[in-house]
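New notebook page, new structure. I'll jot down what I look up as I go.

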Amino acid sequence: MTDEVQDSTADLTEYLSFRIGAQEYTVDIMSVREIRGWTEATPLPHTPDYVRGVINLRGTVLPIIDLAARLALPPDENNDRSVVIVVHENDETVGLLVDAVSDILTISRTDLQSPPDMAGDNQHRFVSALIIEDERMIRILDLHNTLSTGERLAA
Amino acid sequence: MSDPMAEIKASFFLECEELLEQLQDGLKRFEEGDDDPETINEVFRAVHSIKGGAGAFGLTALVSFAHIFETSMDIVRSGEKTPNADDYKTFLHASDILCDLVIASRDETEVSKARVDESVVALQAFLGERSEPEQEVDPVDFQPMGVSMDLPPIGNLGNISPSTRVSSASPLPDLTSFPDAAADDNLDKTSPSSQPLGSHDNKKPASDVALNRFFIRFRPDPSLFASGNEPLHLLKALSDLGKTIIRCMCDDLPPITHLEDEESYLSWTIELDTAHAEQDVHEIFDFVEDLCELTIEVNTPNEGLSTLSSPPTPSADLAPVAPREELLVKTGTATAIPPASSTPPQNTALSDATKKAPPKNGSDNKAPKTGSTVRVELDRVDRLVNLVGELVINQAMLSQSVVESGIGSDQNVGAGLDEFMQLTRDIQDSVMAIRAQPVKSLFQRMGRIIREASSAVKKDVRFVTIGESTEVDKTVIERLADPLTHMIRNAVDHGLEEPEERLAAGKSQQGTVTLSASHKSGKVLIEVSDNGGGINRTVVLRKAIEKGLIAEGAQLSDAEIDNLLFLPGFSTATEISNLSGRGVGMDVVRNSITALGGRITIFSERGKGTTFAISLPLTLAVQDGMVIEVTGQTLVVPLNNIIETITLSAKNLREIGPATTVVQLRDQFVPLLDLAVELGFSRPRSTYDDCVALLISAEEDSMAAVVIDKIIEQRQVVIKGLQDSYGAISGIAAATILGDGQIALILDSGDVIANASGRTRNTRTNPQRTGARA
């Protein structure tokens, strides 16, 4: 059943795009659980700066990752429009704090381009592919690396 | 197709766990002298059910082992042989192997063949001692199964000889006049059951007792096969009761082209002459009564056996046998050995069909027995626990807003609210009770560890368990397994002396290891004790000095010396045996106990033995805590860690070194920790005069005064693990949700004290601690 669905839309994947500062990123919509407004998080001690803390998501403890800090982008002012995208990846559910959610894009797999390999650039680990859409460059976030536990524990 | 199969298989393995528990439990009771026939029946049924289920899934190794085990249990059950102490060991060992095989089948790994064979040999020895024919039969009975590993996995080896068995069962009367039964390959298969049958009848003075004659008509529904039952066993059981004439009725058998794979076409009529009561006959069909058409007619007084000795014309009776064999294959419950008379093309086509059969099998063949319990996934329970946690929070919020709105003065509202609170608490308790499980299964596993450990170090050990029915949170049970295993091994290996030493000390050669569980003032107390030589403190002290764990010449109290065992890198065994000394020390044990919010203490008396006592919280899901505030953050400190609250004043604060402070509390000094600093929330404050502090302690010897901003309230909190969502955080045990919906972190007191840093530090002149750091 599921196979058929995937077959018919094999090339097309939907991505949720969002903004962090001036940059636009996307994640595979299948890993998105929900989008919610920002509420004050309870900070966790001894954690890297990009871990904003935990919030109560209907009874479960949801860690919040400040994506701007995680990607080492200039910190946002944390305005009222900040949004948390709840994603599920590697069997864990995590909230990503972003500036704003913009759109849902349907992207053909063939349009995906690998990010150029730039030595010394630590950051492209978080970008799994690039797309050009209406003259804009959109980055596809590598959730696995972004949420990688090893990275978090080591930090 | 594969999915439902996997699911059913998974439920079979779950069932196996239960059955294995029953099995070990029964064996243990049996060993202790419980001669209730129901006990051995239970044991037998457990093995039998495992075999049956395993057969349905084609787990050949498991089936063949279960089979020989079952045979042994059967002769015990029939009272033919009374096992002695060694035999019980054999049985217990066999149950361990069976357990391994089940696990191996589940995980698709393999059990060392040598171990299985060893147990098989032991069981065969037990069987062999019993009577001559059995000795001949057993190898025959067993070996084909070993060979048949090469057969298609669907082969159901448990029923290795159904067709041959049935066909030979029909001319059963002839068998009696056939002294050399084992000569014929086919008849050979019947001898295990027909031979005991003879002795059976002899034992019950058959000739004196009026024989009942039963006419039984038995027509299985397809569902009988689908649920993994097997007519052969029923027929076999019937012939165990007395003399039988079994006829297969295949009038309904359609032409081969019209055969439906999962239909049942055959029926049997059985004439049974037996001294048993009608009830016993009914009992055989107990489990399948709803799955077949069954009529049982009794015809007393007997006309003697004369009618029996004139069997129905064999040719007419034997003719249908061949098609029947194919049918049995087809229904997926029967043999993997091609019946001699069946035609190959049909057979292959049919065995294809068998592949479809298993998914239907075993769906609930044990349903009647598990009526009193429900097997629920832990996830679901956890979801319920979460929801109840939400309810508790919600109730707290509601109460708060009622009070704030001022309508709380209304009597009805107040009363309703009280009732609501009471109900919430009751629900919470009930839900927690679901998670609670008796420690029995854990103790049983430890019984096995004892058996293995004692045979590894060649010590005779008696294992005593007390309070098996004590209920503890499931998670606690799971997480206790490793530390307990280690402690039990230690007790056998290091705790108990060598047999000669024991005798020399005037003790019995057999050592005793006792594992007990009890509830004590809201805690669970688990004790592992041995009646060995106790801790040799001189040796321990010397070791600790040798290893540089403590300074030479340090004066330690007995308790302090005992506690040295918990230091990392300490091991008293002079030689590392293959049993303990695997690099896991008592420090790891202590850490895992502490991680569960428990404590471990040692009591030891030279020459008498050693006891390790573990005290644990009843549940990991709810905890009493003190809600406090530190730099605007709300935190919860577990109440059981708090000794007292103190208000600091300049006159009881003493500075040590540049950055640390101690508090003088009556006649001792306690390190001062600023919680905000320890958690990295802020810098140390300029003065601690007039600050509120909690005196906390996680283990016997560690204590600290923790400075906080203010105490808010004391309440029960629902624990939400952080492990799953974020991972372990130093100093934080878990999180909880407060009445306002905000998350508060629960402090890990032990960790905070152990990892204390910054401006305060553990400076108590405890030699043990100093040693540990050296």
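**Entry 1: a helix pair in chain B**

At what angle do the axes of helix α4 and helix α5 of chain B cross, and within what distance do they come? A reminder to myself before I answer: this is a predicted model. I looked up α4 (residues 85-107) and α5 (residues 113-128), and their axes cross at roughly 145 degrees and come within 10 Å. I also noted the hand of the α4(B) and α5(B) crossing, which is left-handed.

Next I wanted the residues that meet. From α4(B) I have B:Asp87, B:Thr90, B:His93, B:Ala94 and B:Ile97. Facing them from α5(B) are B:Arg115, B:Val116, B:Ser119, B:Ala122, B:Leu123 and B:Phe126. Sorted by class, this contact of α4(B) with α5(B) comes out as six nonpolar, three polar and two charged residues.

**Entry 2: another helix pair in chain B**

Further along chain B I checked α16 (residues 378-405) against α17 (residues 411-435), which pack at about 160 degrees with axes 10 Å apart. Angles over 145 degrees count as roughly antiparallel, so that is what I wrote down for α16(B) and α17(B). Their crossing is left-handed.

The class count for the contact of α16(B) with α17(B) is 14 nonpolar, four polar and one charged.

**Entry 3: where the chains touch**

How many residues does each chain put into the contact? Chain B gives 23 residues and chain A gives 17 residues.

**Entry 4: a sheet in chain A**

Over in chain A I traced an open sheet of five strands, in the order β8-β1-β2-β10-β9, with mixed pairing. Why do β8 (100-108) and β9 (127-133) of chain A each have one side without a neighbour in the sheet? They stand at the edges, and each has a single partner strand, so one side is left over. From one strand to the next, the twist averages 35 degrees.

For A:Ile131, the bridge partner in β10(A) is A:Ile138.

Technical notes: Residues are numbered from 1 along each chain as its sequence is written. Chains are lettered from A and ligands numbered from 1 in the order in which they are written. This is a predicted model: local features need pLDDT of at least 70, side-chain atom pairs count only at pLDDT 80 or more; totals for chains, interfaces and linings use all residues. Axes are lines fitted to C-alpha atoms, for helices over the stretch in contact, and angles run from 0 to 180 degrees between N-to-C directions. Helices (H or I, at least four residues) and strands (E, at least two) are DSSP runs, numbered from the N terminus. Angles under 35 degrees count as roughly parallel, over 145 as roughly antiparallel, 65 to 115 as roughly perpendicular and the rest as oblique. A crossing is left-handed if the near helix is turned anticlockwise from the far one by less than a right angle, and right-handed if clockwise. Ala, Val, Leu, Ile, Met, Phe, Trp, Tyr, Cys and Pro count as nonpolar, Asp, Glu, Lys and Arg as charged, and the others, Gly among them, as polar. Two residues are in contact if their C-beta atoms, placed from the backbone, lie within 7 Å. Two strands pair if DSSP finds at least two bridges between them.
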